[in-house]
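This report describes selected features of the model shown below.

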Amino acid sequence: MNTLEMQPPTCYNLNMSAFISIGILILAMLILAFLQLTPGVYALSYHYAFGKYSKIKSSYLMLFFIIGVEVISACIFLSIYYLLSILFFDNFKPETSIFTWILSGILITLGFFSFFYYFRRGNGTKLFIPRRYTKALELNANSIKTRSDAFVLGALSNACEFLFTLPLYIIASVEIMRLDLQNTSINLFAIMFVLSPLIPLFIIRYKFQAGQTLADIIKSRNKNKFFTRLILATCFSLIAILIICFRTIY
Amino acid sequence: MKNFDDKDIEKELKIHARGLSIPEGAAEIFISRTLKDAKKSLRNKTIITEKDLERAIIKELKKYNADLAYVYQNHDTII
């Protein structure tokens, strides 16, 4: 008997599935790290805080901004994870339902949207969100006085990006659950996913502490505008392609 | 119609200057000079829009500190 025939056929599929899950998670983390609203509000708040208070106080206030971002993203992710885990207990299988197709469609739309409409036309890095909301965010960034102000502004700015982050949280929850089914350590991926929106904030924090100013940050954002759009569109499309190819049953 | 207060603009510019780590004494001097020159350049106009005033301030600021002028011009285009 051929030895190859004796191997269980599922062994390869499980490893491949875990590999795909990790790939999707990494792409989702990359998108979260490339979104521009929270870093923009953070840079603006840091600049204003530094202009009004001492270096230590502004740094301390901005730490609470980061905590606000982290708390809201962790809360939303864990809520979605919990809701989907209830569905999984009821033998919900995303690959056999229309769920996966809807998600893929949303991701392709977001990919298209992020390339053409994420930044408004014209100078600067004006984002897609309505001008009224940006004015409110700018006003709040200018008037941070206490730790709670900074915390709320962090949470609010992260919440304004739900259009882009919500589908990612859903996909990440499903993929982490899938990894769990295969006895892969999920804690590491869950923690990495929840922490990924903080990467740009810590980079901006480091830049400010290294002596760079808001002018340098605005210039670098302007310079990398096309690259950001390209990365966002590519990552959204790649996730959609991976889901269509590996997570749907015809 | 809106009334512009020199002090508000001066305060805003000082916050930006401090955020950019420009020494306070120097910032105070060139901000007051900027506002004075900007007002002088707009003296002949009967109607002044917010944009006109902003443009005049940016033009004068550029003479003293390019970074401050850039931030004042672009602070509302970052998000």
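## Packing of two helices in chain A

In this predicted model, the helices α3(A) and α6(A) pack with their axes 8 Å apart, at an angle of about 35°. Their crossing is right-handed.

From α3(A), the residues Val41(A), Leu44(A), Ser45(A) and Tyr48(A) take part; they meet Leu137(A), Glu138(A), Ala141(A) and Asn142(A) of α6(A). Sorted by class, this contact of α3(A) with α6(A) comprises 5 nonpolar, 2 polar and 1 charged residues.

## Contact between chains A and B

Chain A contributes 22 residues to the contact between the chains, and chain B contributes 14 residues. On the side of chain A that touches chain B, two or more residues come from each of α3 (37–52), α6 (131–142) and α11 (214–223) of chain A. The largest contribution to this side is that of α3(A), with 10 residues.

The side of chain A that touches chain B is made up of 11 nonpolar, 8 polar and 3 charged residues.

Where in chain B does Ser21(B) lie? Ser21(B) belongs to the loop between α1 (6–19) and α2 (24–41) of chain B.

Most residues other than glycine have a negative phi. Ser21(B), although not a glycine, has a positive phi of about 60°. Ser21(B) is partly exposed, because 13 other C-beta atoms lie within 10 Å, whereas a buried residue would have 20 or more and an exposed one 12 or fewer.

Terms used. Residues numbered from 1 in each chain as written. Chains lettered and ligands numbered in written order. Predicted model: local features only at pLDDT ≥ 70, side-chain atom pairs only at ≥ 80, totals over all residues. Contact = placed C-beta atoms within 7 Å. Helix = DSSP H or I, 4+ residues; strand = E, 2+ residues; numbered from the N terminus. Nonpolar A, V, L, I, M, F, W, Y, C, P; charged D, E, K, R; others polar. Axes fitted to C-alpha atoms, helices over the stretch in contact; angles between N-to-C directions. Left-handed = near helix turned anticlockwise from the far one by under 90°.
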